[in-house]
Amino acid sequence: MEEKKIPYKIYLSEDEMPRAWYNVRADMTNKPAPLLDGETMQPITLEKLSEVFCEELARQEMDDTTAWFEIPEEIRNFYKMYRPSPLVRAYCLEEKLGTPAHIYYKFEGNNTSGSHKLNSAIAQAYYAKRQGLKGVTTETGAGQWGTALSMACAYLGLDCEVFMVKCSYEQKPFRREVMRTYGANVTPSPSNTTAVGRKILEQFPGTSGSLGCAISEAVEAATSREGYRYVLGSVLSQVLLHQTIIGLETQTALRKYGIKPDMIIGCAGGGSNLGGLIAPFAGEMLRGEANYQLIAVEPASCPSLTRGVYRYDYCDTGAICPLQKMYTLGNGFIPAATHSGGLRYHGMSAIVSQLYEDGLMEARSVAQTDVFAAAQEFAKCEGILPAPESSHAIKVAIDEALKCKETGESKTIVFGLTGTGYFDMMSYGKFNDGLMTDYVPTEEELRRGFDSIPKFPGNE
């Protein structure tokens with residue numbers, strides 16, 4: 001098909017929106033290792049997992065054989081308020097770079113929460129409501145997940161309690177206020193409201209917090225109250241399952257115009273947006289139908305894939321969650337207070353970790369000043385101020401486009417623009433004022449994190 005017939009924005013109709021989520025684990029020869037019960041160090045049972053998560057979500061978490069999960073009609077109707085989301089050709093960025101590459105981005109910021117997180121928030125809130133629960137607890141880093149969950153809970157009439165990483169609570173007050181506007185109770189983490197929070201504050205005085213800390217507090221808050229369960233915005237397989245609507249829509253839009261991507265790029269913190277974007281394409285690779293270059297981009301300050309180890313580790317700093325086999329920096333690793341709060345997590349999704357371990361994808365780490373420079377260049381060309389997290393993918397997409405300029409190759413690059421950065425103006429202000437710095441953890445800091453990984457036979 002002639003290039004001139006490809007529009008700037010490829011929209012799908014409501015009828016073209018996926019009716020089922022795709023479980024890539026069904027096509028994986030090497031399945032992600034099972035979650036372990038922290039008390040017995042044996043694979044966790046559905047009954048035990050259901051004490052923390054909603055029953056249906058626990059079943060989704062443990063199912064690695066069912067390829068497709070039908071999306072309930074109530075969730076599909078909610079999706080229709082902002083989905084399908086557009087796949088956009090970055091013509092202006094291509095022209096600015098002078099590259100022969102074709103650059104596309106899947107834009108997930110066209111909803112009030114400002115990010116892809118709403119795709120899983122409404123699903124998890126729906127299953128909590130169907131189970132008859134009073135409310136849910138959660139953590140949030142930069143605030144996108146907390147915002148999305150507060151919206152979903154308000155829509156369904158559920159209580160919502162959010163533990164927000166302390167440095168983000170202070171850096172991103174407007175996102176905090178959006179959560180409160182939707183009725184959520186927001187607490188900076190670590191806090192004195194939970195036993196595990198008090199323990200972390202005692203162990204790490206003055207800490208700026210981390211997603212691992214906030215997860216511990218949210219789990220304690222959920223399990224200590226009747227009628228509440230914990231929900232998570234990333235990392236777990238159930239979350240990646242819901243987020244596959246991103247990749248499925250991208251796949252449909254590309255096929256609609258006969259476009260075959262060469263590489264697919266996503267930012268990587270816990271793995272939700274990356275996993276959701278690449279899963280359908282990874283499925284094609286696993287089935288031998290196609291081949292792509294899949295790239296995970298993480299911050300140099302929290303490099304779980306590029307500098308971490310592949311071990312069983314606790315998903316939270318307080319060591320009260322199940323253990324997951326993943327690329328990790330250690331549950332005791334407290335990342336620097338960088339401006340990409342959604343990527344400040346010590347581990348990586350079990351699915352993403354297994355795909356990386358098996359060589360189906362690659363990983364790169366980038367410095368935050370380079371990330372914000374790429375974000376600024378993108379904003380000037382494409383008219384969207386991107387979230388700091390998304391800008392990690394933008395940075396590598398630009399790098400790859402410039403390589404094409406050098407070689408003369410006309411590759412097709414697709415990346416995930418997971419959300420907008422309009423609540424991140426304090427971070428952009430630091431960058432514009434020249435006050436932003438880069439941080440790379442030392443080997444000694446990484447070693448201290450690795451020392452927190454539990455030691456047992458087969459995990460050393």
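**Exercise 1. Identify which residues have the most contacts inside the largest nonpolar core.**

Solution. A nonpolar core is a set of buried Ala, Val, Leu, Ile, Met, Phe, Trp, Tyr and Cys residues joined through side-chain atoms within 4.5 Å, where buried means under 20% relative accessible area with a 1.4 Å probe, protein chains only. In this predicted model, side-chain atom pairs count only at pLDDT 80 or more, local features need pLDDT of at least 70, and totals for chains, interfaces and linings use all residues. Residues are numbered from 1 along each chain as its sequence is written, and side-chain values use heavy atoms, without hydrogens and water.

Step 1. The largest such core holds 76 residues, and W21 and Y79 have the most contacts inside it.

Step 2. Helix 5 (residues 118-130) supplies the largest share of this core, 8 residues; helices are DSSP runs of H or I, at least four residues, numbered from the N terminus.

Step 3. A separate, second core comprises 28 residues, including I103, I295, V371 and F415.

**Exercise 2. State which residues Y79 is in contact with, leaving aside its neighbours within four places in sequence.**

Solution. Contact means heavy atoms within 4.5 Å. On that basis the partners of Y79 are M17, W21, I71, N119, I122, H242 and I245.

Conventions
Buried < 20%, exposed > 50% of the residue type's maximum accessible area, 1.4 Å probe, protein only. Helix = DSSP H or I, 4+ residues; strand = E, 2+ residues; numbered from the N terminus.
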